[in-house]
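I opened my notebook to look up how two chains meet. The sequence and structure come first.

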Amino acid sequence: MASDDIYILGINMTKFGKHPDKDSVDLGAEAAMAALADGGVTMADMGILAAGNLLGSPGFGQSLQKQIGQTGIPVYNVANACATGATALRTVVMAIKAGECDMGLAVGVEKLSGAGLLGGGGKKKSDDDTWTPDGRFGAVSSTDGRIGTQNMPGVFAQVGMEYGHKYGGTSFELFARISEKNHNHSVLNPLAAYSKAMPLEQIMGDMMIAYPNTRPMCSANCDGGAAAVLVSGEKLKSLSDEQQRRAVKIRASVLTSDPWQDGCQVLPDVNTLTRMAATQAYESASVGPEDLDLVELHDCFATAELVHYDNLMLCEEGGAVDFFESGKPFRDGERPVNVSGGLQSKGHPISATGIANVWEVCHHLRNEAGDRQIEGARIGLAHVIGLGSACGVHILESSAA
Amino acid sequence: MSETATQIPHVDYLVLGDSPHLVANECSSCGSRYFDRRNACASCFGTDFTKVDISPDGEVTAFTIVAFAAPGVPTPFVAAVIDCDGTQVRGNVINCEPDAEHVSLGMKVKLATYSLGTDGAGTEAIGFGFEPV
């Protein structure tokens, strides 16, 4: 192993679902302590803590550290919408790469059970009974619902429909079949919020949220935490053979924001920044999409998964529908996508997601994924999008010979 | 409501009058268009902008039919992205049944206005959407 490489030494995700008896700090502590134990290290070894929790109290990182060990290390509280977990991970990567420390802890947690729709709504109109222009558009009343939609299922529905308009081949049924794939995958994942197979008719017949996304085609709001311990290659050399064998190499760690594109002020462009991140990650890792044994991508809605096949270059440009129809993204296919069940069934506790998807990939690369193990997996990719936007891509490689 | 009641647009980039239309701030250097104010162009960092009228005619390039929305937002409604002669615009498709049989990708639409109601001072707010042609 090269000294300047960075590895995941320990990693963990909690069961995703309802945790009414645990608060954000409890869930974070559970994931963090399990990640430390998984790596065979303690808080005394950590040189940095990066932590994300969007909906809880400010200063989550410090609260967490008081729960599991206060050593005076720098704590970075990070926030990047649904890419918060990946941002925490990337913060630790940068600290190790900069030589500030040789080990660090990244944690993401969210309590999201029963949160309902995210996004949209806007400010309530004041009741002084006079139309008064307000805000950046001089609006006299809320624009959500009158000038398009700002809610997440609706925004991402349009993202998928836009792809269909550009390249053709999409339909309500196609998007529902993508969801069917992920729900079927989730059956093998004991940590998923929902691990039930769902027939296509049930998915299409369920409650419509924002056409073409029905309820099971939307990411599941739930509680969960995830944490990872990162180590420098140099430090890893001094650790045990077992630690070295289970360590997962971070071949690429990339974070991008959305560059200007015509129309991005109207419908967020989740495509260009993902393609940029993927391009940078493939270059930095010296691998191509054809080398990936599995992919966990940000299927916050069924309509989003389709466009990311293309953005991550798992298919030819414009070829996402054909890619899906070929069977490649199924768990027995050539390029399995979201074998965890994805956000639609595993669940999406937003700040945890960008570490939990890395956990899923690591689990396979360590050959520890049990019933859902992708045999012989050596290289995998984890992708998240936080609307606004931020995109995190990590390419990971098994250390085992 | 009297004929002479004053009107106010829902948003400041909607211009009322005989031929209601939208306006944008266009970057004088690269032509990128913004419905809100920018300190510098997000595309080329230029700092000089001019007002331009947006074509009221367009084509639906993406849509969704929102069945569940935030409290106070009436549903269902059709939210869409409209390509108005090269400028992307966000708006609802109105004066049209909100279902997948009546709304389609590529359908031609034009800007239309409607009343959002009148306030206590007698001012009527006017909103916009896009209706099928």
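My entries on the interface follow.

I note that this is a predicted model, in which local features need pLDDT of at least 70, side-chain atom pairs count only at pLDDT 80 or more, and totals for chains, interfaces and linings use all residues. Residues are numbered from 1 along each chain as its sequence is written, chains are lettered from A and ligands numbered from 1 in the order in which they are written, and side-chain values use heavy atoms, with hydrogens and water left out.

Entry 1, extent. I looked up contacts (heavy atoms within 4.5 Å) and found 42 residues of chain A touching 50 residues of chain B. The two chains bury about 3900 Å² between them, 60% of it on carbon and sulfur atoms. Buried area is the accessible area (1.4 Å probe) that two parts lose on being put together, summed over both.

I looked for salt bridges (a side-chain nitrogen of Lys or Arg within 4 Å of a carboxyl oxygen of Asp or Glu). The count between chain A and chain B is one. I found Asp36(B) in a salt bridge with Arg136(A), their closest N and O atoms being 3.8 Å apart.

I used DSSP runs for helices (H or I, at least four residues) and strands (E, at least two), numbered from the N terminus. On the side of chain A that touches chain B, helix H4 (152-167) and strand E5 (208-211) each give two or more residues. H4(A) gives the most, with seven residues.

I found E5(A) paired with strand E6 (residues 57-66) of chain B, antiparallel, over two bridges; pairing needs at least two bridges in DSSP. Tyr211(A) stands opposite Ile65(B) in E6(B).
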